[in-house]
Amino acid sequence: MTRPDGFLTALRAAGMMLDAVVADSRLRRVRAEGDGSGQRSGWYVLHAGPPKAGAYGNWKTGLTESWCEGGSEALSEADRVMLREAMVRVQRQQQAERTQRQAVARQQARERWQRASAAAADHPYLVAKGVGVHGLRQLDGVLLVPMRDAQGRLWSLQTIAADGSKRFLTGGRKRGLYYPVGRTVSDVVCIAEGYATAASIHEATGHPTAVAFDAGNLEPVACALRTKFPTAVIVVCADDDAATAARLGINPGVANAERAAKAVGGVVAMPPRLSHEATS
């Protein structure tokens, strides 16, 4: 074990939950802030040196950082090669584990979707939001929103309970997946974060609207739809996260919508009170 030093300080600042580090050049998994029971999304590798050098990150957030005692200029070429090789091992292991988790979630999604029946129009969540079923299914009283790629392949599910609480299958893929509400061929295609918002937009405009599931997925979904519909006008319908903006000085709903629209040559729309009357 090493005493608390710059590397340990860097790990803690990045949200890693540990009291000491081991400088043995091996990849080590650690708990990170936000991890559930049994989860270890943090990782690090530390070489004893001299100089001591290592890398660390979080597989859940995508964080990847390198560190060197005395600064990177103190590293020899051999040290640099060792760190690069360690990073490659991390990336390969991360990808392998992600692929395995996604495969398990995908099988669960298929099984649950097949067992489910058509969603009831009087499901409490749909009634509360004032929107229709639009192809959803339900199982044991919980709505199932399929998460598909641009080819229509099912990868995962979002569940919505009667009280509106939402969950995703553990380990399931999300990036670039969406659920289309309405017909899939149109001169105008809309994208929204949540199901209720997407259903409301489609019912009001008649335009097909994709559920992106969260703000961070707006851009990947926009890119997927641009590939599928190269000539369509893509309208990214932003959630106005005014409360977050007032607290943190940034509006993630608007910022992500603007980024998505810019990536595909689309436009941003913010219907009055959208995020207050029919959000997610």
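Visitor: In the hairpin that E6 and E7 form, which residue in the turn has a positive phi?

Guide: This is a predicted model, and in it strand E6, residues 137–139, is joined to E7 by three bridges, the two strands running antiparallel. Within that pairing, glutamine 138 has leucine 143 in E7 as its bridge partner. The hairpin leaves two residues between the strands, and the one in the turn with a positive phi, of about 55°, is aspartate 140.

Visitor: Which residue takes a positive phi in the hairpin of E7 and E8?

Guide: Strand E7 also pairs with strand E8, residues 154–160, in the antiparallel sense and over six bridges, and leucine 144 stands opposite threonine 159 in E8. Five residues lie between the strands of this hairpin, and the residue there with a positive phi, near 85°, is glycine 152.

Visitor: How many of the residues of strand E7 are buried?

Guide: A residue counts as buried when its relative accessible area is under 20%. Strand E7, which spans residues 142–148, is mostly covered, and of its seven residues the number buried is five.

Visitor: Why is one side of strand E1 and of strand E4 left without a neighbour in the sheet?

Guide: Four strands make up an open sheet in the order E1-E2-E3-E4, with antiparallel pairing. Strand E1 (28–30) and strand E4 (63–68) stand at the edges of that sheet, so one side of each has no neighbour there, the reason being that each has a single partner strand.

Visitor: What angle does the direction of helix H1 make with that of E3?

Guide: Strand E2, residues 42–47, runs antiparallel to strand E3, residues 53–58, and six bridges join them; in this pairing valine 45 stands opposite alanine 55 of E3. Helix H1, which covers residues 6–13, packs on the sheet and touches E2, E3 and E4, and the angle between its direction and that of E3 is about 10°.

Visitor: Is histidine 47 buried or exposed?

Guide: Histidine 47 lies in strand E2. Leaving out residues up to four places away in sequence, histidine 47 touches Ala23, Ser25, Lys52, Ala53, Met82 and Leu83. Its relative accessible area is 7%, and since the cut-off for this class is under 20%, histidine 47 is buried.

Visitor: With the side chain of which residue does the side chain of histidine 47 make a polar contact?

Guide: Although histidine 47 and aspartate 24 are 23 residues apart along the chain, their C-alpha atoms are separated by 5.9 Å. Among the residues that histidine 47 touches are Ala23 and Ser25. The polar contact, at 2.5 Å, joins the side chain of histidine 47 to that of serine 25.

Visitor: What is the relative accessible area of histidine 202?

Guide: Histidine 202 has its place in helix H4, residues 195–205. Beyond its neighbours within four places in sequence, histidine 202 is in contact with His134, Val181, Gly182, His207, Pro208 and Thr209. Histidine 202 is classed as buried, and its relative accessible area is 14%.

Conventions: Residues are numbered from 1 along each chain as its sequence is written. This is a predicted model: local features need pLDDT of at least 70, side-chain atom pairs count only at pLDDT 80 or more; totals for chains, interfaces and linings use all residues. Side-chain values use heavy atoms; hydrogens and water are left out. Two strands pair if DSSP finds at least two bridges between them. Contact means heavy atoms within 4.5 Å. Axes are lines fitted to C-alpha atoms, for helices over the stretch in contact, and angles run from 0 to 180 degrees between N-to-C directions. Buried means under 20% relative accessible area, exposed over 50%, partly exposed in between (1.4 Å probe, protein chains only). A polar contact is a pair of N or O atoms within 3.5 Å; within protein, one must be able to donate a hydrogen and the other to accept it, and residues adjacent in sequence count only if both atoms are side-chain atoms.
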